[in-house]
Amino acid sequence: MYEPDRLYEEVAFVAYHFGWSHETVLNMPHWERQRWCTEISEINDRMNETPSERGHGHHGGRGRRRDDAGGGIVLRNPPESG
């Protein structure tokens, strides 16, 4: 088992972005929740890039969606639709 705060962070992140129920996300194995968090962060990063950033490799690939201290997931809001 791992820290309850980490579990809450992952469940909230996935449920918010995909609209899945608390129960659905909570019943996923830890590795699957982490994978969905990474995928959601990748999508948000691509959507939030400016045209000059696209294609320049600013994100460094998968697995770099952690805060600077190596801790939890960096939560990002989806871009505002105008």
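**Cysteine, salt bridges and rings**

Mentor: Start with Cys37, which sits in helix H3, residues 30-48. Keep in mind that this is a predicted model.

Trainee: Is Cys37 buried or exposed?
Mentor: Cys37 counts as buried because its relative accessibility is 1%, and the cut-off for buried is under 20%.

Trainee: How far is Cys37 from Val14 in space, and how far in sequence?
Mentor: Their C-alpha atoms are 6.2 Å apart, while the sequence separation is 23 residues.

Trainee: Which residues make up the largest nonpolar core?
Mentor: That core has six residues: Val11, Phe13, Val14, Val25, Cys37 and Ile40. At least two residues of this core come from each of H1 and H3.

Trainee: And which helix gives the largest share of this core?
Mentor: H1 does, with three residues.

Trainee: Switching to charges. How many salt bridges are there?
Mentor: The count is three. One of them joins the side chains of Glu10 and Arg6, with an N to O distance of 2.9 Å.

Trainee: Where do Glu10 and Arg6 lie relative to each other?
Mentor: They are four residues apart in helix H1, residues 4-18, so about one helical turn separates them.

Trainee: Buried or exposed, those two?
Mentor: Both Glu10 and Arg6 are buried. For Glu10 the relative accessibility is 0%, which is why Glu10 counts as buried.

Trainee: What does Arg33 form with Glu10?
Mentor: A salt bridge, with the closest N and O atoms 3.1 Å apart. Arg33 lies in helix H3 and Glu10 in helix H1, so this pair ties together parts that are 23 residues apart in sequence. Arg33 has a relative accessible area of 3%, so Arg33 is buried.

Trainee: Which residues are linked in a network of salt bridges, then?
Mentor: Arg6, Glu10 and Arg33.

Trainee: What is the partner of Arg35?
Mentor: Arg35 forms a salt bridge with Glu39, and the closest N and O atoms are 2.9 Å apart. The two residues are four apart in helix H3, so they are separated by about one helical turn.

Trainee: How do Arg35 and Glu39 count for burial?
Mentor: Arg35 counts as partly exposed because its relative accessibility is 46%. Glu39 is at 18%, so Glu39 counts as buried; the limit for buried is under 20%.

Trainee: What about the accessibility of Phe18 and Trp20?
Mentor: Phe18 is at 32% relative accessibility, so Phe18 counts as partly exposed. Trp20 is at 30% and therefore counts as partly exposed.

Trainee: And what kind of pair do Trp20 and Trp36 make?
Mentor: Their ring centres are 5.3 Å apart and their planes are at 90°, so the pair is edge-to-face. Trp20 lies in the loop between H1 and helix H2 (22-26) and Trp36 lies in helix H3, so the pair ties together parts that are 16 residues apart in sequence.

Trainee: Last one. Which residues form the aromatic cluster?
Mentor: Phe18, Trp20 and Trp36 form one aromatic cluster.

Technical notes:
Residues numbered from 1 in each chain as written. Predicted model: local features only at pLDDT ≥ 70, side-chain atom pairs only at ≥ 80, totals over all residues. Heavy atoms only, no water. Buried < 20%, exposed > 50% of the residue type's maximum accessible area, 1.4 Å probe, protein only. Salt bridge = Lys/Arg side-chain N within 4 Å of Asp/Glu carboxyl O. Core = buried A, V, L, I, M, F, W, Y, C linked by side-chain atoms within 4.5 Å. Phe/Tyr/Trp six-rings, centres within 6.5 Å; stacked < 30°, edge-to-face > 60°.
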